[in-house]
Amino acid sequence: MKVLIPPRNRSFGTVDALGIAGIVGLLVARYIPVARLIPFWGCVLRERTGWPCLGCGLTRVADRVAHFNFAGAWEANPLGTVAALLFALAAVVMVLHLVFAMPIPEIQLSPREWNVVRVALPMLLVVNYAYVVVKTRFPHLLL
């Protein structure tokens, strides 16, 4: 893995776009009760079958992270909590980058490291989904 530090700049990039998405998403989660305002909000798969979908718990995660309830967010969906916190971190980095011209390090992975990422991410999704299924369908199996 190589980490490259570019010169100071204010050029808009991917991390800045993710930071804007993070700010907007967390502000909406903090101040607009989407799940209560929209009558059809909910998981159709879970309502019809009782089984959660891959995204079950993400609305609760956003709401709880926006209200600084990290333990509750982790309980709703661990991988979603990590994603929400990464969006919040991207928002902080975006402000530092665009206001103070802080350079954003660029990470370059070798082909072998990319292969590890390609295997690890789907495995993380499967483990996270298994946790959500066990938590919603078989809560007696958890401590």
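Tutor: Let us begin with a term: a crossing of two helices is left-handed if the near helix is turned anticlockwise from the far one by less than a right angle, and right-handed if clockwise. The model before us is predicted, and in this model α1 passes α6 in a left-handed crossing.

Student: How is the packing of two helices described?

Tutor: Two packed helices are described by the angle between their axes and the distance between the axes. Here, helix α1 (residues 14–31) and helix α6 (residues 78–100) pack at about 120 degrees, and their axes are 7 Å apart. The two helices are therefore oblique to each other.

Student: Which residues of α1 and α6 meet?

Tutor: From α1, the residues include Val15, Leu18, Ile23 and Leu26; among those they meet in α6 are Phe87, Val93, Met94 and Leu98. By class, this contact has 13 nonpolar, three polar and one charged residues.

Student: How many aromatic pairs does a search of the whole structure find?

Tutor: The search finds two. In one, tryptophan 51 and phenylalanine 138 are arranged edge-to-face, at 6.1 Å centre to centre with 70 degrees between the planes. This pair links distant parts of the chain, 87 residues apart: tryptophan 51 lies in the loop between α3 and α4, and phenylalanine 138 in the segment after α7. Phenylalanine 68 and phenylalanine 70 also form an edge-to-face pair, at 6.2 Å and 75 degrees.

Student: Is phenylalanine 68 buried or exposed?

Tutor: Phenylalanine 68 has a relative accessible area of 62% and is exposed, whereas phenylalanine 70, at 38%, counts as partly exposed.

Conventions
Residues numbered from 1 in each chain as written. Predicted model: local features only at pLDDT ≥ 70, side-chain atom pairs only at ≥ 80, totals over all residues. Heavy atoms only, no water. Axes fitted to C-alpha atoms, helices over the stretch in contact; angles between N-to-C directions. Helix = DSSP H or I, 4+ residues; strand = E, 2+ residues; numbered from the N terminus. Parallel < 35°, antiparallel > 145°, perpendicular 65-115°, else oblique. Contact = heavy atoms within 4.5 Å. Nonpolar A, V, L, I, M, F, W, Y, C, P; charged D, E, K, R; others polar. Phe/Tyr/Trp six-rings, centres within 6.5 Å; stacked < 30°, edge-to-face > 60°. Buried < 20%, exposed > 50% of the residue type's maximum accessible area, 1.4 Å probe, protein only.
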